[in-house]
Amino acid sequence: MPKRILQLTTRLSNQIAAGEVIERPASIVKELLENSIDAGSDRIVLDVEGGGTRLVRIRDNGHGIHQDDLRLALCRHATSKIADMTDLEGVATLGFRGEALASIASVSRLTLTSNQLEGNEGWQVTAAGEDMQAEVMPAPHGKGTTVEVRDLFFNTPARRKFLRTEKTELTRIEDIVRKISLSHPFVDLVFNHNGRVLRHFTPGLTGMDESRRIASVFGQGFVENAVYLDESHQELKLYGWIGLPTWSRSQADQQYFFVNGRMVRDKLITHAVRQAYQDVLYHGRNPVFSLFLVLDPRQVDVNVHPTKHEVRFRESRQIHDFIFRAIHRALADVRPQVDANSPEMGGAAGAASFDQPAVQSSIRFGSGNPGPGGAVAEEARHYGDLLSQVGSSALLPASSDDDIPPLGYAIAQLHGIYILAENAAGLIVVDMHAAHERITYERMKLATDSEGIRMQPLLVPISVALSERECSAAEEHEAELTALGFDIQQASDESIVVRAIPGMLNKSNPEMLIRDVLSDFLEYGSSTRIREHRDEILSTMACHGAVRANRRLTIPEMNALLRDMEATERGGQCNHGRPTWAALSIAELDGLFLRGR
């Protein structure tokens, strides 16, 4: 006999909702911290015991909850953050669903104490019984709110079995706390575990404080090897820190992206960042970054998943292109420059400048003027041919330390591979092949861009069967496809005819190529696939055209190479992501020989 339909109890329905929202103690910490921030708190104390399984307690100094609203606070879909569809279409707070407290209360022993007024007269609410009846009683409490969560999953043993060790759960909580500290630097955040202070993130009121908080999350090494980014376009703003290509990781575990202060994981954003680093990152490595995107809340849909980790942009292509261009431009402007205010040079080639004394490097990366373009054919010759393109003054030593360029002047060539140069701060070592490879590559890209992408007509046009969705994308993006070097014509609702393809890819499979490009348009709203293929070809040509090992260069030739490096975009890495130069300060050289000890 079939079973009848029953109305689920309040606790059971809340536990089902909790399965989506509350996965582990870190989920509770995230939801409660976001509630405290939405309440206007500037000081939050987090106490955790047993990795969060025994206790999670958060106390804040926010505006508190009204006594008459305490019962509603533990009900599902009860919130003060939205009231109608208009509010939902432009959510400006971190929370808005009204599910967190009810879900937490259904799988733990939850006590909420709050006070909206100055003084010590607060009220407390707990939920008990199968129907989760809320009980309100007086409780002394200063202005703000305290949420205490004990014995997580005490009534759902099956869920408790999926929890990891105390150390693992604590690590996940630490990751949440770090992200909150980055997205809200003006909050004084204290994190205690088992009665011991683990972290104390003091509020960042100045640039120095903010960089100190960044260092506490990523380490001081990241601050010294990062570039600060601040770009705006119309109503979009992107700012934060991006690691230099040489400061990369084998895992993508230090990639933090925030949209209007909300930490998100989005494949469109990940793709844009990866594309921006493509030309400079070593194979298999992942960039490190902490970036913040600010835009009109009505342009992003945060009501995608109960955990609110995923978002959906209304103008996804515009967002993708903006993020890509901003990071790509910032990395292209990384050039060696002399910092006249510092007497020493840091050990890392190209420490980032944050306008703060914590970064002590007389050679740093910064903005510079773009290098001159060159004919593609000329770049395949030996580097001696470049001497005719530079003035004689570039080859002569400067008369004083103030006039010495960032990469200094060549003094010798080592084993036919490395150029040794002296500048005002110490010794510069340059991999001449890698450096010339990048210079040649960038000039070839400039020359190709100025000519545009040439079409290669097919002797016999090819009919390609596609889905109706792909055909619609081909029609919608016809202008972009033409700019990429394609000549296509729609034959039916599910097929197109390809009459021409990009000239540099004339040996590619036209059918596979057009399918891949259309897939990119459907996924990201744009495609960089043609440019990537083109750059691969140019990179190979540049590698073959660069000066080889054991090619003896004269001092003027070496100096010409150094000057071009200083003027070339992305000159710190070769086409394959390897560093092109490194630096040793006088202090570091003295240390090798124990001088001054």
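Buried here means under 20% relative accessible area, exposed means over 50%, and partly exposed is in between (1.4 Å probe, protein chains only). This is a predicted model, so local features need pLDDT of at least 70 and side-chain atom pairs count only at pLDDT 80 or more, while totals for chains, interfaces and linings use all residues. Residues are numbered from 1 along each chain as its sequence is written, and side-chain values use heavy atoms, with hydrogens and water left out.

Q: Which residues of α15 are buried?
A: Helices here are DSSP runs (H or I, at least four residues), numbered from the N terminus, and α15 covers residues 510-524. Its buried residues fall within an arc of 155° seen down the axis, so they line one face of the helix; the arc is that of the directions from the helix axis to the C-beta atoms. The buried set is Pro510, Leu513, Ile514, Val517, Leu518, Asp520, Phe521 and Tyr524.

Q: Which residue follows α15?
A: At the other end, the start of α15, a side-chain oxygen of Asn509 reaches to within 3.0 Å of the backbone nitrogen of Glu511. After the helix comes a residue whose phi is positive, near 85°. That residue is Gly525.

Q: How many residues apart in sequence are the parts that Glu169 and Arg24 tie together?
A: Their side chains meet in a salt bridge at 3.2 Å, N to O; the rule asks for a side-chain nitrogen of Lys or Arg within 4 Å of a carboxyl oxygen of Asp or Glu. Glu169 is buried at 1% relative accessible area, and Arg24 is buried at 15%. Glu169 sits in helix α7 and Arg24 in the loop between α1 and α2, so the parts they tie together are apart in sequence by 145 residues.

Q: Which residues join Arg570 in one salt-bridge network?
A: Arg570 forms a salt bridge with Glu442, with the closest N and O atoms 3.1 Å apart. Arg570 lies in the loop between α17 and β24 and Glu442 in helix α12, so the pair ties together parts 128 residues apart in sequence. Arg570 is buried at 4%, and Glu442 counts as buried at 6%. Through shared partners, Arg570 is joined with Asp279, Arg438, Glu442, Lys445 and Glu569.

Q: Is Thr580 buried or exposed?
A: Thr580 lies in the loop between α17 and β24. Its contacts (heavy atoms within 4.5 Å) include Val429, Asp431, Met565 and Cys574. With a relative accessible area of 1%, Thr580 is buried.

How values were computed. Helix = DSSP H or I, 4+ residues; strand = E, 2+ residues; numbered from the N terminus. Expected span 1.5 Å × (residues − 1). Polar contact = N/O pair within 3.5 Å; in protein donor to acceptor, adjacent residues only side chain to side chain. Lists of a residue's contacts leave out its neighbours within four places in sequence.
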